[in-house]
Amino acid sequence: MTHPLALKTAGAVADLLANPATAPLGPDASLHRQHLAYGPTGIALLHVERAAAGLGPWQRAHDWLAAAARQPFTSGLDSHPFYGAPALAHTMACVTDHLPGTYQRALSALDRQMGTDTRRRLEAAHRRIDAGRLPEYAEFDTIRGLAGYGTFFLRRDPTGPDVRAVLDYCVRLTEPVTYGGEALPGWWTLSGPSGRQGDRFPGGHSNHGMAHGVGGVLALLALAARRGITVGGHREAVATILAWLDRWQEQTERGDAWPYWITRDELRSGRTDPSPPRRPSWCYGTAGLARARQLAALALGDTRCQVEAENALVSALTDHGQLKATTDNGMCHGFAGLAHIASRVADDAHSSTAGQLRAAIPPLLAAACPPGTVPEEAARSVVQDHNAGPGFLNGAAGMALALLAPATSAPPQTAWDACLLIA
């Protein structure tokens, strides 16, 4: 079943962003040049996926990559998976998967640089663990950390040493740390979710999000195991994270959910503080974690855990309170992103839940593209919106990308969403 209005809206976004020289990017476009989240490499991903699916010309992707690469990209400690050379490498790799030989020289250089950067990060991380210190989440997370690097190498060189080195680190990250006389999970950070210490999070927190928390680490371990790539302690590390999430699982009126994070006070009391329903997004919340748990269950061959994860997503996507807390249409934490995750989960789902997941997708697409939507007007509105903009993570390009698979009931033709650790 297709959703014509969602497809037309995605196409209208692509047309509006067809050419970097004429696209309405706003005055801050040059500030975001190196960002996968906001800049031209993320917009290029939209055109890569559409070209691979036969929905648009490859030239648009090439034009956006050319615009991005007119000046050198940052590498080393000042870069991360969503900024600088790694961002360019991800998009180029999505092209070369379909057009072998394209960008090969540039991508080989980026591969070498990312290998060097990853090894430096790993050395620093192991020194930190050896010293008994707690991490910053930028050390391990999807957006800025080693989980993000791991997913790149899992695609580019799955049997190579860099993948195994990152997986070895992820296993060590799940080992408990005694800090201040308390046993804490190895991914506990002393900061709050902002990355800064403050009165709201005295003693730090355990972050569960796919973007900045242990959800991304779980997904990487699971994705590798599904490809038959494991290291010593791999299954035990997956089980450790799953057990932690099981410990803090919450019951809503509709079903299971997980808190965005756990504070030190909550850890000591053994219970979470009451909170209103939260949006079930990719970056934080039940949608992203449900996908990570499903992947882990598939890797472990645990049907019970798989069905529980899939049912949790069904519950989240049919819970009025959680959906009411969802207020935009973007990929990161909006309705289009929820539809894309639901599509990915449904593709791998158990027969007992696949139908319910598929049934949850049309209402999400209708929320993103309500009846009566004029695709061209909707496209221009989101591109020019100050909070959304044209980019990948929160903006128009990401929304259009996230609409494609659920609107066509076909899986993505490229690995564009590998950077989100959901595939």
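Guide: Begin with a term: a residue is buried when its relative accessible area is under 20%, and exposed when that area is over 50%. Keep in mind also that this is a predicted model.

Visitor: Is Cys332 buried or exposed?
Guide: The cut-off for a buried residue is under 20% relative accessible area. Cys332 has 6% relative accessibility, so Cys332 counts as buried.

Visitor: Which cysteine has the sulfur nearest to that of Cys332, and how many disulfides does the model have?
Guide: A disulfide needs two cysteine sulfur atoms within 2.5 Å. The sulfur nearest to that of Cys332 belongs to Cys283 and is 3.4 Å away, and Cys332 is in no disulfide. Cys170 is in no disulfide either, with the sulfur of Cys419 as its nearest at 17 Å. By this rule, the nearest cysteine to Cys332 is Cys283, and the count of disulfides is zero.

Visitor: Is Cys170 buried or exposed?
Guide: The same cut-off of under 20% applies here. Cys170 has a relative accessibility of 1%, and therefore it counts as buried.

Visitor: How many residues of helix H12 are buried?
Guide: Helix H12 runs over residues 286-300 and has 15 residues. Its buried residues include Gly288, Leu289, Arg291 and Gln294. Among the elements that cover them are helix H9 (214-226), helix H10 (234-247) and helix H13 (303-317). H12 is mostly covered, and its number of buried residues is twelve.

Visitor: What distance does H12 reach from its first C-alpha to its last?
Guide: At 1.5 Å a residue, a span of 21 Å is expected for H12. The computed value is close to that, at 20 Å.

Visitor: Which residue just after H12 takes a positive phi?
Guide: H12 ends at residue 300. Just beyond it, a phi of about 70 degrees is found at Gly301.

Visitor: How far apart in space are Glu266 and Gly288?
Guide: Glu266 sits in helix H11 (residues 264-269), while Gly288 is one of the buried residues of H12. In sequence the two are 22 residues apart. From C-alpha to C-alpha, the distance between Glu266 and Gly288 is 22 Å.

Visitor: Why does Glu266 count as buried?
Guide: Leaving out residues up to four places away in sequence, Glu266 touches Trp248, Trp261, Arg271, Thr272 and Asp273. Glu266 counts as buried because its relative accessible area is 7%.

Visitor: Where is Ser191 found, and what is its relative accessible area?
Guide: Ser191 lies in the loop between strand S2 (182-184) and strand S3 (205-207). Its contacts beyond four places in sequence are Tyr137, Arg196, Gln197, Gly204 and His205. Ser191 is buried, and its relative accessible area is 10%.

Visitor: Which helix gives the largest share of the lining of the largest cavity?
Guide: The whole structure holds one cavity of 30 Å³ or more, and the volume of the largest cavity is about 110 Å³. Its lining divides into seven nonpolar, four polar and one charged residue. Two or more lining residues come from each of helix H4 (85-96) and helix H7 (146-156). The largest share, four residues, comes from H7.

Visitor: Which element gives the largest share of the lining of the second largest pocket?
Guide: This pocket has a volume of about 400 Å³. It is lined by 24 residues, with Thr252, Ser275, Pro276, Pro277 and Arg278 nearest its centre. Strand S4 (250-251) and helix H14 (320-324) are the elements that give two or more residues to this lining. The largest share, three residues, comes from H14.

Notes. Residues are numbered from 1 along each chain as its sequence is written. This is a predicted model: local features need pLDDT of at least 70, side-chain atom pairs count only at pLDDT 80 or more; totals for chains, interfaces and linings use all residues. Side-chain values use heavy atoms; hydrogens and water are left out. On a 1 Å grid over the protein atoms alone, a cavity is a set of points where a 1.4 Å probe fits but cannot get out, and a pocket is an open set with protein on both sides within 12 Å along at least five of seven lines; lining residues have an atom within 4 Å of a point. Grid points are joined across faces, edges and corners, and a volume is the space filled by probe spheres set on the points. Buried means under 20% relative accessible area, exposed over 50%, partly exposed in between (1.4 Å probe, protein chains only). The expected span of a helix is 1.5 Å times one less than its number of residues. Contact means heavy atoms within 4.5 Å. Ala, Val, Leu, Ile, Met, Phe, Trp, Tyr, Cys and Pro count as nonpolar, Asp, Glu, Lys and Arg as charged, and the others, Gly among them, as polar.
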